[in-house]
Amino acid sequence: MSAALESLGFNKARLTFALRTAFAACLALVAAWLLGLEHPQWAGMTVWAASQPVRGQLLEKGLFRFAGTVIGTVAGVALILAMQVHPALLVIGLALWVGLCTGLANLLRGFFAYGTVLAGYTAAMVALLDVGHPETVWALGADRMATVLVGVLAALVVGWLFAPAADGDALRSRVRGMLADLCDQLSRPGSDPDAARRLISDMADIEEALDPHAAGSLRSRRETRASRALLSTALSVLLWHRGQEANTLPDAACLALNEAAEALRGGDSAAAHAALGRAAAHPDAAETLQPLAQALARWRAPENRSSPGAEHLLPVVLHRDWIGAREAAIRATGALLLFGLIWQITGFAAGAFLLLGMSIMISIFTTFENPIAMLPYVFLGQLLGAGMALAIRWLIWPQAGADWQLVAMVPPFILLGGLLGGHDRGMRVSFDVNMVMLLLLHPALPLTGDFGTSVLMALAVVAAPLTALVTYRTVYPPTLRRKQVTLAKMMLHDVAALAGDAEALRHRALWRARFYHRMLRLFRLTGRSARAQRSALDSGLAMLDLGHATLRAHEILANPATPPAKRRALKAALARLERIRETPARAEGALSRLARRAIGADAELFCHAARSAALLAR
């Protein structure tokens with residue numbers, strides 16, 4: 001059976017999930033209609049939006065779906081009330097609200113971000129779908145929340161009965177495999193740039209999988225936090241090894257590392273921890289390997305995660321894209337103000353539907369890695385969904401003689417959307433097909449409106465991804481390349497801030513933890529290009545050298561025995577580093593002068609930093 005499905009282009013696991021979701025959507029539609037809700041189709045839309053392939057994710061997404069809907073509904077009601085003071089307040093308030101939610105979503109992760117975006121465009125659904133009847137706004141808001149609750153409950157019931165629990169074993173196996181590869185690299189003489197690049201890429205992929213793994217379970221959240229600490233420590237050890245000219249670990253430590261790698265590949269984390277402990281017992285390896293052994297101990301044993309950690313373990317500090325958040329908020333606010341102004345001036349009958357579609361497209365896709373590449377598929381899916389809605393409304397529903405018949409005619413098309421979701425080619429458009437089809441249908445007699453108005457509404461909805469695509473391409477384009485450049489700038493900004501921070505030595509661990517997480521994020525963005533990853537690795541090592549030199553300069557300054565002449569040179573170098581983004585060449589010169597004044601390890605450190613500044617100046 002599986003072979004026959006695969007020969008037709010279906011994926012069995014994906015088809016099972018899609019058909020399960022379609023069944024839950026049908027169930028929600030019928031339940032909402034039986035409860036007498038005015039817009040039962042919204043319950044089906046909620047199922048498609050809330051369903052997840054595993055239970056933990058389903059529970060957490062359903063929770064944030066409902067919370068975001070409640071907050072968005074309250075905001076939507078407030079917008080309708082403001083509109084009664086002046087119509088322009090609806091557009092201005094909606095633009096500011098969606099812009100705020102979009103900006104906040106870019107600072108959050110996982111389902112927190114999803115709930116925040118949802119609060120933004122739910123306000124648009126409440127405020128715009130019944131904009132001509134402000135007197136019914138309270139009923140509309142209550143109906144919206146009730147239908148979402150029905151949809152969430154349907155998704156939870158069906159998902160809990162048939163969806164599997166999250167399987168953390170596969171992710172743990174990936175972590176053990178990554179650590180085994182790291183131990184192999186540490187035990188070898190010299191360093192292999194390509195092997196290091198591939199290993200950091202594996203770390204970045206694992207880090208990306210941690211948020212879904214954490215969903216729906218406090219235990220999984222604690223494991224995710226321990227996993228992030230382990231990844232940061234592993235990356236710090238790998239970058240240290242990458243910067244060495246030759247292997248500085250003793251032979252006995254290398255032998256223990258090989259034993260640890262073998263134990264990790266065999267799934268024996270306890271034996272691997274013991275072997276790492278033996279490797280870290282050697283004086284020349286303790287500073288490098290002891291943090292890794294500590295992080296592995298916390299990761300492998302739940303009882304160790306709540307115990308106080310050693311001071312040298314890094315905290316968990318996540319990258320926050322403040323620049324991207326600001327740009328996303330400006331993009332969303334500006335686009336909605338522009339199209340809202342056009343709607344207000346022209347009085348375009350379908351303008352509310354266009355603005356609704358824009359609110360969704362301009363907000364939810366901004367949290368994706370490459371929205372510009374996704375929107376053409378969104379347009380195609382919405383075009384197909386609009387076509388199905390028109391066919392149902394004007395070819396099938398006129399044959400119905402009662403409301404229950406209208407409702408009964410929709411499930412076959414929902415199930416067809418489920419089939420699309422299980423197909424290799426249809427999966428990219430299936431979600432939008434179902435969402436737009438249900439959005440444009442209202443199963444209630446008597447059927448109102450004319451064919452021209454229905455087509456106009458459908459075209460307005462379908463135009464939303466096209467207008468959003470133009471907006472994404474012209475206003476702060478969120479391309480992968482631009483995101484990479486922005487992230488590198490933020491990492492350099494951290495170095496500059498560290499140079500100007502009088503309390504830099506106290507903030508050392510925070511800077512390192514944030515740097516390592518941003519490094520993993522940078523590798524995630526460059527995952528499709530080995531050349532881009534090599535450049536990211538070189539840039540990351542350069543900024544790490546600059547950060548270490550900055551901290552060492554602060555350390556020497558903090559020593560009361562430092563001569564006045566050397567203090568002046570150090571302060572000058574830190575001042576140059578504080579402005580390294582504008583004048584990297586001057587930072588290079590100041591670091592070179594420090595290297596000539598210093599001796600031993602300090603001279604080498606400042607010399608490496610000077611070369612790193614020169615690299616950034618190119």
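**Salt bridges and nonpolar cores**

Visitor: How do R228 and E207 meet?
Guide: Their side chains form a salt bridge, 2.7 Å from N to O. A salt bridge here is a Lys or Arg side-chain nitrogen within 4 Å of a carboxyl oxygen of Asp or Glu.

Visitor: Which parts does the pair tie together?
Guide: R228 lies in helix α10 (residues 218-242), and E207 in helix α9. So the pair ties together parts that are 21 residues apart in sequence. Helices are DSSP runs of H or I, at least four residues, and strands are runs of E, at least two, numbered from the N terminus.

Visitor: What am I looking at, by the way?
Guide: This is a predicted model, where local features need pLDDT of at least 70, side-chain atom pairs count only at pLDDT 80 or more, and totals for chains, interfaces and linings use all residues. Residues are numbered from 1 along each chain as its sequence is written, and side-chain values use heavy atoms, with hydrogens and water left out.

Visitor: Is R228 buried or exposed?
Guide: Buried, at a relative accessible area of 9%. E207 is buried too, at 6%. Buried means under 20% relative accessible area, exposed over 50%, and partly exposed in between (1.4 Å probe, protein chains only).

Visitor: Which residue does D211 meet in a salt bridge?
Guide: D211 meets R228, at 3.1 Å from N to O. D211 is in helix α9 and R228 in helix α10, so parts 17 residues apart in sequence are tied together.

Visitor: And R109, what does that bridge to?
Guide: R109 bridges to D211, with the closest N and O atoms 2.8 Å apart. The two are 102 residues apart: R109 sits in the loop between α5 (87-105) and α6 (110-129), D211 in helix α9 (residues 193-214). D211 is partly exposed, at 23%.

Visitor: How many salt bridges by this rule?
Guide: The count is 24.

Visitor: New topic. Which residues touch the most other members of the largest nonpolar core?
Guide: L128, L375, I414 and M437, in a core of 92 residues. Helix α6 gives the most to this core, with twelve residues. A nonpolar core is a set of buried Ala, Val, Leu, Ile, Met, Phe, Trp, Tyr and Cys residues joined through side-chain atoms within 4.5 Å.

Visitor: What does I414 touch?
Guide: Its contacts include A22, W48 and M437, not counting residues up to four places away in sequence. Contact means heavy atoms within 4.5 Å.

Visitor: What lies apart from that core?
Guide: Another core, of 90 residues, including L186 and M519.
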